[in-house]
Amino acid sequence: MKKKALSLLLACAMTFSLAACGNSGGDTQAPAESTEADSDAEAGGDAETPAAGDGSVFKIGGIGPTTGGASAYGIAVQRGMEIAVEEINAAGGIGGVQIELNFQDDEHDPEKSVNAYNTLKDWGMQVLVGSVTSNPCIAVAEQSYNDNMFQLTPSGTAVKCVQYDNAFRMCFSDPNQGLESAKYIGENGLATKVAVIYDSSDPYSVGIYEAFRAEAANQNIEIVSDAAFTADNKTDFSTAVQGAKNAGAELLYMPFYYTEASLVLAECSKQSYAPLFFGVDGMDGILSVENFDASLAEDLMYMAPFVANSDDEMVKSFVGKYQEKYGEIPNQFAADAYDCVYVVKAAMEEAGVTADMDASAICDAMKTAMTAITFDGITGKGISWEASGEPNKAPLIVQIKGGEGVAL
Amino acid sequence: MKVKALNKNTKNNLITYGMVILAYVVMEILMKAGMVSSLLQGLLVPLCTYVILAVSLNLVVGISGELSLGHAGFMCVGAFASAFFSNYTKEALTVSGLRFFLAILIGAAAAALFGFLIGIPVLRLRGDYLAIVTLAFGEIIKNVINVIFLGHDSKGFHISFKDAFSMNMEPDGEVLINGPQGITGTPHDSSFLIGIILILITLFIVINMVNSRTGRAIMAIRDNRIAAESVGIHITKYKLLAFTVSASLAGVAGVLYAHNLSTLAAQPKNFGYNMSIMILVFVVLGGIGNIRGSIIAAVVLTLLPELLRGLNDYRMLMYAIVLIATMIFTSSPGGQAFRERYSLKALLGQKKQKKEAE
Amino acid sequence: MMGFISYLVNGISLGSVYAIIALGYTMVYGIAKMLNFAHGDVIMIGGFVVFTAVSGMGLPPVIGVLISVVVCTILGMVIERIAYKPLRGASKLAVLITAIGVSYFLQNVALLIYGSNTKSFTSVVSIEPLSLADGAIIISGETIVTILACIVIMIALTSFIKYSKSGRAMLAVSEDSGAAQLMGVNVNATIALTFAIGSALAAIAGVLLCSSYPALTPYTGAMPGIKAFVAAVFGGIGSIPGAFIGGILLGVIEILGKAYISSQLADAIVFAVLIIVLLVKPTGLLGKQIQEKV
């Protein structure tokens, strides 16, 4: 009797859920529309109010983790995109057509990312900006390639993220960053004995480390100590730091994200170890860690596509809007995402697509347009794209001085 | 009397098989009619994966009565073994059906081997100690797979437990398992039809095992170990049998999982203890020992977070609340009393009584 | 040699944090016979409360810690009342799943309130680091405080259970709750008290964890929680000295394993040691051997 009642209950739930599946497309539109309503208000109502539906708006989808351990990065991307979409809509949209944005959570899981992608497809997505993290991005790229959906990832750095012709990226690739940082350290004679700490469970970190190691030999850099940590074991860095200290490393290379970097820096100070610190673009954001003691990061160098306190007008305007809306300084994830939306706009205008075209036709047109455009954004000027999906942009070396990032 | 009981049992099992087949037919018809959203289409194979996982775990938790928290570890073994095979033979074996069939066999065999080896020490322990050791084994599997680097070049296979350089491969070499980055480029061989067939095979194995002499022996051990031992049931043998079969079915689920996504990496999210616990939630919510319940619970709980997407930031919070509320409603003494009073049958009964009174 | 001593000190420091968390785990298990998977997340809440009080409102650290202990104590009792009490008498698995639900709930509440960006925790310890052997070994103030706190808590808890009336009531309930009830022990109140003490310990563990490793996110508590669970089982779940020894050993093994074997396999090593210990002593180092009756 008990089991019967339970299975009846569950069966009811299932029927309900299947029924709900059919109209889930309608539910997900709500948040996107509210974003748009805001922007219309800002524009003073001179932009025509778009009616949701095919052909009257461009539907841009976004995917990234907004819950779970990697949510800091996904949320930054979501916010960066929202600001760009608001600006574009306020200025009259793309060729007079408004943009509608729908951002879905993937929890940093390839399977959930594919679910998010399918949800967006049901909603009628025409262009995809995502996924934020590498492994989910590779899984989604497989689907988007099959559907011939244009995909631009703001921060999927792994080589295979853009292995198909429909996918492009905004950020540097992993090998590119490892190579550039080894070159920079070698050419400027920063150090000859280098210690590396890396996250062996993160493809991003491993990818950079491998390229760094390959180039280090050419640059006369000796790697005296390398220590790996994993996603499950990233609170205690005492052994890694001690190992670097005992090996007498003059420079500590840290190819991972700022969350863990703040712990490594604290541990170094605890052990009175003060080498040069060198990070990669994941380091950007370390000053935004709430309550972080910036003196720990003094003289830290990292590669970044963007500096928040730059004098550039576009950067200033973006940082100002971001701070006003979300009360924090944007990091490179937000910046890359912001640029992504503008790149989509530029490529759409170049390709001359219209809102009533289907995703596949838009993709075909934009694929060629991407290699033709030259883009000036907040993460670089004069960026152009190879057909392989890689951007040509020069990395910036940033050093923290007096609690602020300064471009070198 | 005995015949009637048997009939009821058979009928019950037929309903379970029928339900799966009906679900397949309905979905196929709806898909042909173009009435199924892409989200649901994309979810069909994962749903099959989770159903197999739930049914196989039910064999250990429900039928054998051991709390296992390492089921995702066996899934991980099956996934990696089969994805490695498929990737390695991608060029040589172009018939995808045959290749996938072999991959399934390899995944199942590898997981069964691990289940057997791990089962020998683990099944000596009891209760919560057994739970924590299975959790430990699951984490070890995940952790070790993350440091395996395996490549192939003209000189044969190279393996390293440190990083990809240490393999010293020739330039023409291809890295097959790249440590934490796992295996990428696995052919997309899984399909809904194969998933359904695998579910039916899983059901066939589990249901037949439960209703056989073996199953009765296993349940006797669960209900009273000492009494079972005293009538001459070989405890270790039967426990190990259930554990190994369950592990091998989890391996099959892993094969399905690996061939549905182009990227396979052992992350805490997909093969960690969190996944093991999620499968356990399916089993407990569906009713311990109730095979059909496991299927339904796996389907509902996999769909739930997707259906809650409209809630945005509150999505996972709602999921947690639904989980707690359901557990209290279905399992607490208070909730059970409430259900009995307001269940459909009780309400109908009351009406009947009222009618009779009138 | 100096390196080894340094690693050992770090290991004992990490182990002390595990030990304090494990004490909370083991007490709850001993009395309520349930695996409280949400314990790690109470630690995280404890950390966030101190963060808000000290860094957000500018209160002195001592007050911050006291507020955190009070908040976590109340939180622990509320969780017990709402989520676990209705399930008393239900199957063990049902309670386990509910605990997991509570764990998800706490993580997501923290995510909604504090967001996902890492918060850097200001250490509540202001003791100068100890420098030994001409600076070859540096023992930080946090390490000293953590180890001392762990020893003090262990002693206080043992004497509370041995000598106070409510402590003996706890012992009675853990031995046989039915018989205890017949002897006039208020079982429900005793279980609530256990949760209160366990959660208060979690708050202290949270502060010490975040002082030593100053990054705070909604997911900070999950992994230390699991590790402490392992430590509790290692020492023999239900046994207070066992949790203490298990925690310290686990911390030392983890750090030494990272330093001398492989930093990537540290967790696998910890779990492998646990398995070996359990195979030799199936109820942990100090666990009670249960006699099976027919």
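Biologist: Before we start, when are two residues in contact?
Modeller: Two residues are in contact if their C-beta atoms, placed from the backbone, lie within 7 Å. This is a predicted model, where local features need pLDDT of at least 70, side-chain atom pairs count only at pLDDT 80 or more, and totals for chains, interfaces and linings use all residues. Residues are numbered from 1 along each chain as its sequence is written, while chains are lettered from A and ligands numbered from 1 in the order in which they are written.

Biologist: Thanks! In chain A, what share of contacts between residues at least 6 apart in sequence join residues at least 24 apart?
Modeller: That share is 69%.

Biologist: And how many helices and strands does chain A have?
Modeller: Chain A has twelve helices and 15 strands, taken as DSSP runs numbered from the N terminus (helices are H or I, at least four residues; strands are E, at least two).

Biologist: Helix α8 of chain A, residues 238-246: mostly covered or mostly open?
Modeller: Mostly covered, as eight of its nine residues are buried (20 or more other C-beta atoms within 10 Å of a residue's own). Among them are S238(A), V241(A) and K245(A).

Biologist: What do the buried residues of α8(A) pack against?
Modeller: In chain A, they pack against β6, β7, β8 and α9, and in chain C against α1 (2-32) and α10 (240-260).

Biologist: What follows α8(A)?
Modeller: G248(A) does, with a positive phi near 70°.

Notes: Buried ≥ 20, exposed ≤ 12 C-beta atoms within 10 Å, placed from the backbone.
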